[in-house]
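Hello,

Here is the structure for you to look through. My notes on it follow below.

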Number of protein chains: 2
Amino acid sequence: MSLLVTGSIGIDTVKTPFGVSENCLGGSAVYFSMAASFFCAVRFIGAVGADCPFDLAEVFADRDVDLTGLEVRTQSKTFRWAGSYQGAMNEAITDKVELNVLAEEPPTVPDEYKDSKFIFLANTAPALQCQLLEQIEAGAFVAADTMNCWIQNHIDDLKRLLKKIDCLIINEDEARMLANDSNLITAAKAILGMGPAVAVIKKGESGSVMCSADGEQFVLPGFPADEVKDPTGAGDSFAGAFMGYLAQHSRTDFESLKQAIAYGTVVASFTIADFSLTGLTSINKNDIDNRLGTLRKLTRF
Amino acid sequence: MSLLVTGSIGIDTVKTPFGVSENCLGGSAVYFSMAASFFCAVRFIGAVGADCPFDLAEVFADRDVDLTGLEVRTQSKTFRWAGSYQGAMNEAITDKVELNVLAEEPPTVPDEYKDSKFIFLANTAPALQCQLLEQIEAGAFVAADTMNCWIQNHIDDLKRLLKKIDCLIINEDEARMLANDSNLITAAKAILGMGPAVAVIKKGESGSVMCSADGEQFVLPGFPADEVKDPTGAGDSFAGAFMGYLAQHSRTDFESLKQAIAYGTVVASFTIADFSLTGLTSINKNDIDNRLGTLRKLTRF
């Protein structure tokens, strides 16, 4: 089933204890699409400026990623992010950010994308997320990400968005902030009370928790990775595999959501093993399935 | 099979966002024994001063806890700890500590305890842990806890201890510090290289990771508890149920260790639901088994 993603394309400079990657390809829509493409066809929406050094058609050459929704704005500049990680690398420190094209009007949803049945709205201003969603036909399973600055400064827009989506995928600190509750489980329940039927809370290397409005729960540890070079894109890869699995099977029952979380966990563990997209471009679906089997074995008792 | 524990008995004052518990019963040996007593008989070693307001014989009245090794030192004062927790309560802040009897000579191991086959050395100076261990016959499965101050200031003693024990049970930050490695999995492997056959790394509400020298691994999330009032004693309860399960079945193979970790996780989740020992004294083995079933269901995919 058709999966649509709207998010950023970035020129990233990332510094970790394992090295520096300068002006490499990044952005939420890019990581998401690469991860999702192991599972299903992806409809991509995003914008770059004239300065973008990456040919996304080449990047996604062997994958079923439709770039009809990619806008190249000749008068604009591409989004740039410079960040670093220290120690256990659980938190990104933003060293520099240039919003550029992200500060402009959001891209238009192509007509041929409007019947998409699975939609992921990567992190951006919730008003823009609402605006994008309004362009799409009703009846899709919609998941969204958000972050602290929107919770702190645009809570009304965010609450409006939450009433329109089916699933919020959010970091643990942001979940606590949004719910104003330090207990993650009661925080998840409070978030469900704001609208979405499913709340997925990401805990970095410690895995994730998922709660549904029907009272179902699922907890999964992170994959015990002994090689972590660059956590950039882990959350978007997680979301990409999660939504990709659901779209592939065209299901959103809780058993399928659990399986999707497991795939998200595994694919993110490949992302963080190397800089930029290298961890994802160097594997195939078989590697993912094998690691899923390993994760199942590692968590069974 | 006989399980011996040596650790502290404390007069605790604990402050959390959910209230204050003044001069309540605490201490590693107390939490450990209460948790372990759901599984097997416990041989208790510890010391209190003349000021101890608690009658441990009464505390453990309905449980198979042998108090032959409890020393009441009439010239001494009982260990006291005052601590507080804030926000997500992931870290205890020590407001005041009076070592008192803990700063004296360690208790003597009673002759009738010396054939114990499962031994837990709760956190204390590693030199004392070695001294206690030397009093016991060889051939037991020995687990120990430690903490940052011993890693920082008594690393040689600790390294000597690590060569004598089978299992180290340690917090994630301490594991990283001990191994001087921010990756938890490679840190665990480095710790295994220091002596123990098994390393159990506790991650608070995020569960635990276990690695063996044979290359086996197990990861388990924390129980998704929606009621956390006081995390004090969680780690010692975890260790108590872990060792209690192993001693009950007299097994230390990896499958049994996994089951033991799951029981530790579940029992700790009861401990933190209330102040002092109330979370543990208000349940029975059936409650524990039921929650173990729930945890298994919550983690299966």
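**Strand β2 of chain B and its partners**

A hairpin of two residues connects β2(B) to β3(B). Helices and strands here are DSSP runs numbered from the N terminus, with at least four residues of H or I for a helix and at least two of E for a strand. This is a predicted model, in which local features need pLDDT of at least 70 and side-chain atom pairs count only at pLDDT 80 or more, while totals for chains, interfaces and linings use all residues. Residues are numbered from 1 along each chain as its sequence is written, and chains are lettered from A and ligands numbered from 1 in the order in which they are written.

Chain A has an open sheet of nine strands with mixed pairing, in the order β5-β4-β1-β8-β9-β10-β11-β12-β13. Its edge strands, each pairing on one side only, are β5 (65-73) and β13 (217-220) of chain A. Inside the sheet, β1 (residues 3-6) and β8 (residues 118-121) of chain A run parallel and are joined by four bridges. A:Leu4 has A:Ile119 as its bridge partner in β8(A).

**How the two chains meet**

In chain B, 27 residues are in contact with 27 residues of chain A, contact being C-beta atoms, placed from the backbone, within 7 Å. On chain B, α7 (184-192), β13 (217-220), α9 (254-271) and α11 (285-299) each supply at least two residues of the side that touches chain A. β13(B) gives the most, with four residues. 100% of the interface residues of chain B are also interface residues in chain A, so the copies meet through the same surface.

Chain B superposes on chain A by a rotation of 180 degrees with 0.0 Å of shift along its axis (RMSD 0.0 Å), fitted by least squares on the C-alpha atoms of residues with pLDDT of at least 70 in both. The two copies are thus related as by a two-fold rotation axis. The C-alpha of B:Pro221 is the nearest to the axis in chain B, at 2.6 Å.

Regards

Key:
Contact = placed C-beta atoms within 7 Å. Pairing = 2+ DSSP bridges.
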